[in-house]
Amino acid sequence: PDTNRYTGSLRLTHYQGSGTLNAGIFATHLEQTGRLSKLQTRYSLGQNSVTTVSAHLDGSMPLASKLDLSGFVKYIYRANDIDEDAFVALDLPAGNQESPYMKRRSQVRGSLEIGATPRASTRIAIGYRLDWVDRDLVYPTGSAGIQPGVSLINPRSSSHRLFLKGRARFF
């Protein structure tokens, strides 16, 4: 094979009365080994690898006879260890779009909601949701590529939302 992949995961669940708590972690590392592609050999480029780690925690619990609380948080990390000289070696002609290279990306997602169940087939909830991303971007040199001032990909972004949702069954 021309790649090695290392993967592992762990999941835990805890029940306390009617409440549930789940936690987990997943990690994988994929690396190029041995044979290089013709372009890698031609331009004396190194071997590539990518690492991803993901961890999560979620839970739900009753607060009263008709109220409940639930939520989750998830963290994702990805590191691209690709030889950056590969982009220089391609030497794209002016006018072609060349995107920034993302060395690392971290993301946190989460949600917390409180819900009410006034009847057995009806539920209404209000909550908050977060999505935060941090990116380590490397922009192309020269005038052929997309530069930070006009890039649609920003190094950091976040989204905060309040929501109201409901469910009802009439039959």
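Arg104 and Asp136 form a salt bridge, with the closest N and O atoms 2.8 Å apart. A salt bridge here is a side-chain nitrogen of Lys or Arg within 4 Å of a carboxyl oxygen of Asp or Glu. The pair links distant parts of the chain: Arg104 belongs to strand 5 and Asp136 to strand 6, 32 residues apart. Strands (E, at least two residues) are DSSP runs, numbered from the N terminus. Arg104 is partly exposed, at 36% relative accessibility. Asp136 is also partly exposed, with a relative accessible area of 28%. Buried denotes under 20% relative accessible area, exposed over 50%, and partly exposed the range in between (1.4 Å probe, protein chains only).

The model is predicted; local features need pLDDT of at least 70, side-chain atom pairs count only at pLDDT 80 or more, and totals for chains, interfaces and linings use all residues. Residues are numbered from 1 along each chain as its sequence is written, and side-chain values use heavy atoms, with hydrogens and water left out.

The strands that carry these residues are paired. Two strands count as paired if DSSP finds at least two bridges between them. Strand 5 (residues 101-119) and strand 6 (residues 122-138) run antiparallel and are joined by 16 bridges. A hairpin connects strand 5 to strand 6 through two residues. Within this pairing, Leu112 stands opposite Tyr128 of strand 6. Ser70 has Glu113 of strand 5 as its bridge partner.

Glu113 also takes part in a salt bridge. Its side chain meets that of Arg123 at 3.0 Å, N to O.

Arg123 lies in strand 6 and Asp68 in strand 4, so the pair ties together parts that are 55 residues apart in sequence. Arg123 has a relative accessible area of 16% and is buried. Asp68 is buried as well, with a relative accessible area of 18%.

These contacts extend into a network. Asp68, Glu113, Arg123 and Lys165 are linked in it by salt bridges. By the 4 Å rule, the count comes to five salt bridges. Side chains of opposite charge can pair when their charged atoms come close.

How values were computed:
Helix = DSSP H or I, 4+ residues; strand = E, 2+ residues; numbered from the N terminus.
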